[in-house]
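Q: I would like to go through this model with you. Could we begin with the overall picture and then turn to particular residues?

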Amino acid sequence: MPKPNIRGAIITSTKPHKSFSKRVIESGLWVFSLKALQHIFNFARLIILARILSPNDFGLIGIALLTLATLETFSYTGFQAALIQKKDDIKQYLDSVWTFLIVRGIALFIIVYLIAPHIAIFFETSEARLIIRIVGLSFLIGGFTNIGVVFFQKKLEFNKEFKYQLAATITDFIVSVVTVLILRNVWALVLGLLAGKTVRCVTSYLFHPYRPHLHFSLRKVQELFDFGKWIFVSSILVFLITQGDDAFVGKVLGTTALGFYQLAYKISNIPATEISHVIARVTFPAYSIIRDNILNLRESYLRTLQVTVFLSLPVTGLTFVLAPDFTKVFLGEKWMPMVPTMQMLTLFGMLRAIGATTGAVFMAVGKPEARTRIQFGQLVLLTLIIYPLSMRWGILGTSMAVTAYALIFNTVAVHKVFKIIESNSKGMVKLFMIPLIGTSLAILSVFGVKVSLFASISLASFLALITVGMIVYILAIHFFYIIFDYEDDYIVHKQIIMMLGLKNK
């Protein structure tokens with residue numbers, strides 16, 4: 001019988017578990033590397049385009065993407081999650097799923113084409129009609145993507161997904177930047193998006209040998225939908241929660257306000273939420289494998305939560321304090337009105353990152369309905385408070401509304417997961433304490449250096465402030481780790497610190 005690791009790690013004393021843990025760690029590194037490179041390219045693209053395009057341009061593409069997200073959500077199948085969660089052979093399902101997705105893609109494109117004029121009228125901007133129709137081509141392209149790529153996640157082969165996804169990201173970057181320098185309008189965003197989708201479809205066949213065929217079995221599709229129906233309902237709720245604020249801002253506050261809000265949302269949420277999304281992408285298939293072993297599941301989730309807190313808190317804190325300087329240096333004065341909203345949304349991003357760790361557990365143990373009920377509560381609260389707050393404070397009020405629901409219901413989600421894994425929630429205080437202290441010291445140090453040494457912020461001084469903040473955070477974590485001697489509870493922190501070359505005495 002394998003003996004549990006008393007230090008709280010995922011790994012047990014048997015070789016099979018060591019091999020599995022190694023696969024999970026390697027997968028995490030591949031996903032993290034992919035996300036890091038994607039964000040480098042996306043960030044560079046965003047800076048270049050924001051310098052040339054106007055908030056109204058970003059608002060126009062935002063309306064098109066919102067339209068696509070609406071149709072995508074209300075036709076979402078949950079098949080991919082169901083295929084990953086299944087323990088038996090899934091090849092018998094693949095052709096039916098692929099055929100269904102092709103038909104779905106064609107139908108969605110036709111719907112987009114027909115409703116585009118009505119969407120443009122709703123948002124009172126005729127320019128959006130043609131943009132919506134052209135962007136709708138992404139449904140056609142996506143429907144023909146090789147369903148075999150689902151094995152990249154199911155088998156933890158994220159090294160292959162790295163190549164598959166990165167090719168599309170680089171294509172999007174090159175096409176967007178070249179096009180914006182030539183056209184200097186919103187079509188740069190449109191053409192970059194479609195180019196990336198096309199390359200993703202083509203490379204799905206280059207990087208996976210499975211060759212799907214047109215075949216449809218209603219029985220197999222219904223079997224997958226029994227699990228996927230909760231994912232479908234959940235995706236609708238997630239859409240209404242995460243995109244409802246965009247629709248509200250675009251309709252009530254205007255296209256320009258939507259451009260400000262969406263860019264603030266993207267910048268403030270990228271660092272914190274992508275940390276958890278990287279982890280969740282790996283942990284869902286991993287949890288699905290070990291879901292019958294409550295000890296391994298508990299230790300795996302606690303380690304996941306530790307890593308998320310350790311990384312997301314300092315990123316959130318530094319983003320909050322440096323938001324005005326970031327906007328002025330990288331985007332320019334025309335984007336300064338969105339700074340307070342960006343700062344509020346950084347707090348939302350941190351809460352969202354912590355809450356995102358719970359979804360993989362709910363799905364892996366076969367309880368997706370638990371997450372769905374929590375999301376329904378989020379939607380109800382958002383519906384009640386978004387209008388009065390937005391009418392009082394504009395897009396800042398909108399950001400306050402989404403932060404409020406995230407604070408309440410992500411706390412509920414973590415509490416429910418602690419019940420599933422049979423863990424004492426009192427450990428949460430200890431888990432958060434040291435990263436919170438370290439983040440507070442990092443913020444104070446950055447603010448002090450900024451006031452004392454820099455009368456105005458340049459690119460060099462901005463990078464210097466980030467460096468100061470991260471150094472202070474790492475040193476503070478290391479110091480308090482020694483003082484409190486949390487060897488068992490902070491094994492993740494110790495490993496990260498040792499990787500940075502700081503030896504524990």
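Q: How many helices and strands does the protein chain have?
A: The protein chain has 19 helices and 0 strands. Helices (H or I, at least four residues) and strands (E, at least two) are DSSP runs, numbered from the N terminus.

Q: What sort of model is this, and how are residues numbered?
A: This is a predicted model, in which local features need pLDDT of at least 70, side-chain atom pairs count only at pLDDT 80 or more, and totals for chains, interfaces and linings use all residues. Residues are numbered from 1 along each chain as its sequence is written, and side-chain values use heavy atoms, with hydrogens and water left out.

Q: What percentage of the residues count as buried?
A: Of the 505 residues in the protein chain, 54% count as buried. Buried means under 20% relative accessible area, exposed means over 50%, and partly exposed lies in between (1.4 Å probe, protein chains only).

Q: And what is the accessible surface of the chain?
A: The accessible surface is about 22,400 Å², and carbon and sulfur atoms hold 68% of that surface. Accessible areas come from the Shrake-Rupley method with a 1.4 Å probe; for residues, only the protein chains shown count as cover.

Q: What share of the contacts joins residues 24 or more positions apart?
A: Among contacts in the protein chain with a separation of 6 or more, 82% are between residues 24 or more positions apart. Contact here means heavy atoms within 4.5 Å.

Q: Moving inside, which residues have the most contacts in the largest nonpolar core?
A: Tyr 301, Leu 331 and Met 338 have the most contacts inside that core, which has 96 residues. Helix α13 (residues 294-331) gives the most to this core, with 14 residues. A nonpolar core is a set of buried Ala, Val, Leu, Ile, Met, Phe, Trp, Tyr and Cys residues joined through side-chain atoms within 4.5 Å.

Q: What does Leu 331 touch?
A: Not counting residues up to four places away in sequence, Leu 331 touches Ile 47, Ala 50, Arg 51, Leu 263, Ile 267, Phe 326 and Met 338.

Q: How many salt bridges does the count come to?
A: The count comes to 3 salt bridges. A salt bridge is a side-chain nitrogen of Lys or Arg within 4 Å of a carboxyl oxygen of Asp or Glu.

Q: Which residue does Arg 45 pair with?
A: Arg 45 forms a salt bridge with Asp 172, and the closest N and O atoms are 2.9 Å apart. Arg 45 lies in helix α1 (residues 15-52) and Asp 172 in helix α8, so the pair ties together parts that are 127 residues apart in sequence. Asp 172 is buried, at a relative accessible area of 13%.

Q: What about Glu 72; which partner does it have?
A: Glu 72 forms a salt bridge with Arg 104, with the closest N and O atoms 2.8 Å apart. Because Glu 72 is in helix α2 (residues 55-74) and Arg 104 in helix α4 (residues 91-122), the pair ties together parts that are 32 residues apart in sequence. Glu 72 is partly exposed at 31% relative accessibility, whereas Arg 104 is buried at 15%.

Q: Is α2 mostly covered or mostly open?
A: Helix α2 is mostly covered, with 15 of its 20 residues buried.

Q: And where are Asp 325 and Lys 450, the other pair?
A: The side chains of Asp 325 and Lys 450 meet in a salt bridge (2.8 Å, N to O). Asp 325 is in helix α13 and Lys 450 in helix α17 (residues 427-453), so the pair links distant parts of the chain, 125 residues apart.
A: Ile 174, Val 178, Leu 181, Ile 182, Leu 183 and Leu 191 form a nonpolar patch, with about 550 Å² of accessible area together. Patches are made of residues with over 30% relative accessible area and no salt bridge: like charges are joined within 9 Å, and nonpolar side chains (Val, Leu, Ile, Met, Phe, Trp, Tyr) within 5 Å.

Q: Which helix gives the largest share of the patch?
A: Helix α8 (residues 158-183) gives the largest share, 5 residues. Ile 174 is in helix α8 and counts as partly exposed, at 46% relative accessibility.

Q: What follows α8?
A: Arg 184 follows α8, and its phi is positive, near 55 degrees.

Q: Last topic: what is Ser 234 in contact with?
A: Leaving aside neighbours within four places in sequence, Ser 234 is in contact with Arg 371, Thr 372 and Gln 375. Ser 234 lies in helix α10 (residues 218-242) and is buried, with a relative accessible area of 1%.
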